[in-house]
Every structure is written in structure tokens, then in C-alpha cells.
Amino acid sequence: MTTWAARPVDLVALVGRAALSLVASLGRFGTFFASAVAYAVTPPFKMRQLVGRIHFIGYNSLVIIVLTGAFTGMVLGLQVFITLSRFGSEAFLGPAVALSLIRELGPVLAALMVTGRAGSALTAEIGIMRITEQIDALTVMALNPFRYLVVPSIVAGIITFPLMTSIFDVVGIFGGYLVGVKLLGLSQGTYFGEMKSFVDLGDVTTGVWKSLSFGVLVTWVCTYKGYHVGHGAEGVARATTQAVVLCSVLILVWDYFLGSVLK
Amino acid sequence: MIRVENLRKSFGGQPVLKGVNLEVNRGEIMIVIGQSGGGKTVLLKHLLGLLRADAGRIVVAGVDITELRGEALDAVRRRYGVVFQGGALFDSMSVFDNVAFPLRERTALGRAEIAERANAKLEQVGLGGMGEKNPAEISGGMRKRVAIARALVTEPEIVFFDEPTTGLDPVLVNTIHGLIVDLHAKFAFTAVMVSHEIPEIFKIAQKVAMLYDGRIVEAGPAEAIQNSPNPVIQQFIRGDPEGPIHLR
Ligand SMILES: Nc1ncnc2c1ncn2[C@@H]1O[C@H](COP(=O)(O)OP(=O)(O)O)[C@@H](O)[C@H]1O
Ligand SMILES: [Mg+2]
């Protein structure tokens, strides 16, 4: 600190350099996505790779989605029931659980779980392909690595995230039902009936928009981090950690932003 | 077929190539020797269009590829076959799929024809019947041979080999060299190969070039290099720790 105080010019230079490198990496990040979009909308499309990626991201995350969805719903059922019973309005347990899941928790938690399960693996796989020259091998075969690796992953994210989220929601609502109805004695008609009258299409659309954008966000960050990995095993390890941390933060930030825009 | 003129490349201010000049004629096997970390892979990556030169020119089959990108560069690359230093096999695919991949993705051949050609190539590198294995399950020597099969399956005009035998036992080294010579006799490709196998390479190369201190110190017919009076070359091929070569 004393050295900075002594040479304020150095501090300015330091901040300037940091800002420049931030802008440069944001630029790379943006260009990466722009190329992915450009290749995504022009043939040839790599269907075989796309199917592989859907399996990789979706199917592989299924167990963890069902598990976390069930427990999230059960926790919600319990906590919300306790809260509502203080106001004597346990009857609204159904809509409360459903709304929290559909608007907020489903998209966010499903995205976080898929990031941990498949996003990290995506970064590691592409990163290893980079450091073992498999990406170079594709390039010199005159085959575009974006078409084979990046585009299928992002499209698979767009397809699987809403599906994973709906599974999370449905399982979660069922978990809330188990606790609220089977354990705490609410009537089944109340739980589901009130849900129908309080949850509207707008809530569902909000959830779908969120999960769609998380699908893009997570696969974009994870493929980018893998594609621009550093050197060696350490580089892959660092890229994987960075991808998961960055995805998690961006998911929450973007969720708040969308939440305020989509009312 | 390939001409490199005054090629320069630095990484972060550290010069690696300081003006490389090299000429490879059609149909010959050119072997580049030189110290580890001396920039041989960097030189190859320029020929492949994977790295951009700071200065100089690279001409392949009459096309200046120095600044080429996109489809124009891919058109040149379709004439290439490349064996990377580590093999660079796709580990998400079986051995057979690795070899069949360039045919599937780049040609309009039917399923049966692709299978026939891929299996024939595997047969030629002595790996017939190994197609169902995964790259992770086979030995280093087998991986290199699969990489050779994959590079040659499209019958390319120009083949690049980056240390295809490093780390293999002497029998396997000679087996792979024999394989390359046989395939060269059959398909008459032009080859640029990076290798440390001294003296074996002098038996298979038409031309040898030595990269030292960022430049080609001498290039010429194999015997001429073997008998070169240049002390750098003599030290290198004798593996003498004493001499003009400084470690880097
Ligand atoms: N992409 C890169 N970024 C920075 N330095 C590199 C890069 N590629 C190679 N180098 C450096 O260039 C030098 C030559 O490397 P290389 O061509 O791999 O040597 P070799 O002759 O053993 O194949 C090494 O010092 C290496 O660290
Ligand atoms: Mg090398």
C-alpha cells in the first residue's frame, strides 16, 4: 500500500491494465457466443453430436434432478406449512409450493445441479480435448470444432434445461404433497385445487424463460472455459472450477434480473 | 510442394523461430531434427495453419497460406494428413470410429465403403480386429499406429508426423518407420516428419533438416547431413554433451 501511495501513477496503470484485460476477455467471451450462434443457424448441423450432448447433459443429470427436486419440495412443504399455519392459512400450501418451484427454485436449482453434474464435465472434456490436441486434430481435418463441440452443447442446453426444470418442478410439487397431505394431514383436494386457481400461465412462462436462458448461459460458459483452457492438467482443473463458480454466480444474478423484468 | 521463407515466431517476447527457411519437394520425406523445446512442433503448427507467423511466408502447393483462413485454408487442409505428437485420438470414440471419422465427415462414401477402407487401413498398420477397442485401452505404440491410420485413411497428398515414434521401444520404432516407408511407397505422399530417432531416420529420409536456435542450420540429403562438417549437427547426431549446442 505504501508503494502505491508513493507512486499513484502505478495504481492508475494497474487499474487500467486490469480494466483492459477484463474488456478483452469479455470481448472474447462475446465473440465466442456470436460464432456459436452463426454456426448454429447455418448448415451443416451435426445431429449425431447433438444427440450425444443431450444424453450427456440431460440424461446424466436425471437422477440428481429427481433427488434434489423431491427434497426441495419436501422441505418447502414442511417450512411453508409451518409458516402458513401461523396465519391459519395452511390451505394455500399447494399454490405456495408450486409458485416457489415454478417461478424461482425449479429453474435456479435445476440449473445449479446440472452445472455441477454436467457443466463441469463439459468444461473438463473440452479442456482435455484442447490440451491433448484433439481440437487441433479436428481443425486440421478441415472440420470446424465449433460445429462439433460448442454448437451441439449449447443447443442441447436449450433443449434439456427446460425439460430438467419441469421434471424438478413436478417432482418437487409431489414432494410437497407427500409432506403436506400424507404427513401433515392437509386434504388432497385443497393442495391441488388451490394450486389450479392461483398458478397461471404467466408463472409457467417465467419459469420457462429462466430455464431456457440458464441453458444457454451454462453451456456457453462451460464450453468457453474448456475451449480456452490453460496448460496441462492444472489448467483443466482451474477451468473447471472457474466454470462452475462463474455459472453459479451468473445464474443467481441473471435470475434476479429476469425476475424483475418478467414480474 | 512446401516452401517456408524466413518464418519468425515469438511467444511473449521470447523468440522461438528466428527466420526458418525450408523447402520440401513433392513426394519426398523431409525429417526435421532438433533439440526438445527447439520449436519443431511450433514450425509444424505454422504449416498446419494452427499458429500465425509474426513474419515470413509459407507456401503450400503454390498457395500462400500465411494469412489464409476459413474455407480457403480448409481447402488446403483437406490435402493434409496429420499425426500429432500425442496421437490426438478422439477418446470419446472407438479405434474404428477414429479412423472412419474423416471419411464419414468429409466424403460422401457409403457405410460399407467407409468400413472397408477404415478396416483396410487398420489392417495396414497391423491393428486388424482392434477396431472395437477404446483409445484408452490400447498401448502407446498402438495409439500412434491408429493415429497414422487415421491420418492416411483419406489418402492425403501431404502428411505431417510429429514425433511418431518417441517413447516407443526399438522394435516398434523400426516397425513404424517400416510402415511409413511402405505407405509412402504405395501412396507417394509428401511427408514432413519431426523425429529424434537417430540414426534410424537416416535410413528412411530423403532429406533431413536440423532446426537449431530458431533457424534451419542445414538441410539436405540424408547422407549429406550425416556427413556434415557442421559441429552443431555432428554434436547432435552423436549425442555428445560437449560442443557448441547450449542447453535451453
Ligand atoms: N502456444 C504456445 N504459447 C507459448 N509458448 C509456446 C507455445 N507453443 C510452444 N511454445 C514454446 O515454444 C518452444 C518450442 O516448443 P515446441 O515447438 O513444442 O518444441 P519441440 O521442438 O520440442 O516440439 C517451447 O519453449 C514452448 O514453451
Ligand atoms: Mg514437439
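Two residues are said to be in contact when heavy atoms lie within 4.5 Å of each other. With that definition, consider one residue of chain A: A:G226 touches A:T123, A:I126, A:G127 and A:R130, leaving out residues up to four places away in sequence.

Good morning, colleagues. The structure is a predicted model, in which local features need pLDDT of at least 70 and side-chain atom pairs count only at pLDDT 80 or more, while totals for chains, interfaces and linings use all residues. Residues are numbered from 1 along each chain as its sequence is written, chains are lettered from A and ligands numbered from 1 in the order in which they are written, and side-chain values use heavy atoms, with hydrogens and water left out.

Let me stay with A:G226. This residue sits in helix α9 of chain A, residues 201-227; helices here are DSSP runs of H or I with at least four residues, strands are runs of E with at least two, and both are numbered from the N terminus. Is A:G226 buried or exposed? Its relative accessibility is 0%, so A:G226 counts as buried. The cut-offs, with a 1.4 Å probe and protein chains only, are under 20% relative accessible area for buried, over 50% for exposed, and partly exposed in between. A:D203 lies 23 residues from A:G226 along the chain, and their C-alpha atoms are 35 Å apart.

A second residue of chain A is A:T68, in helix α4, residues 62-86. With a relative accessible area of 19%, A:T68 is buried. Beyond its neighbours within four places in sequence, A:T68 contacts A:M113 and A:F168. Its side chain also comes to 3.4 Å from the backbone oxygen of A:I65.

I turn now to chain B, which has nine helices and ten strands. Its radius of gyration, taken over C-alpha atoms, is 18 Å, close to the 18 Å that the globule rule gives for 248 residues, so chain B is as compact as a globular protein of that length. That rule is 2.2 Å times the number of residues to the power 0.38. The C-alpha trace of chain B spans about 55 × 40 × 35 Å along its principal axes, and buried residues form 52% of the 248 residues. Of the contacts in chain B between residues at least 6 apart in sequence, 63% join residues at least 24 apart.

One loop residue of chain B deserves a mention. B:S139 is located between α4 (111-124) and α5 (140-152), and is partly exposed, at 39% relative accessible area.

Finally, how do the two chains meet? The contact involves 20 residues from chain B and 17 residues from chain A. About 1,600 Å² is buried between them, with carbon and sulfur atoms giving 60%; buried area is the accessible area (1.4 Å probe) that two parts lose on being put together, summed over both. B:F84, B:F90 and B:E105 supply 28% of the area that chain B buries against chain A, more than any other three residues.

How many salt bridges does the rule find across the interface of chain B and chain A? There are three, a salt bridge being a side-chain nitrogen of Lys or Arg within 4 Å of a carboxyl oxygen of Asp or Glu. The side chains of B:E105 and A:K46 form a salt bridge, at 3.4 Å from N to O. On the side of chain B that touches chain A, α3(B) gives the most, with five residues.

Technical notes: Polar contact = N/O pair within 3.5 Å; in protein donor to acceptor, adjacent residues only side chain to side chain.
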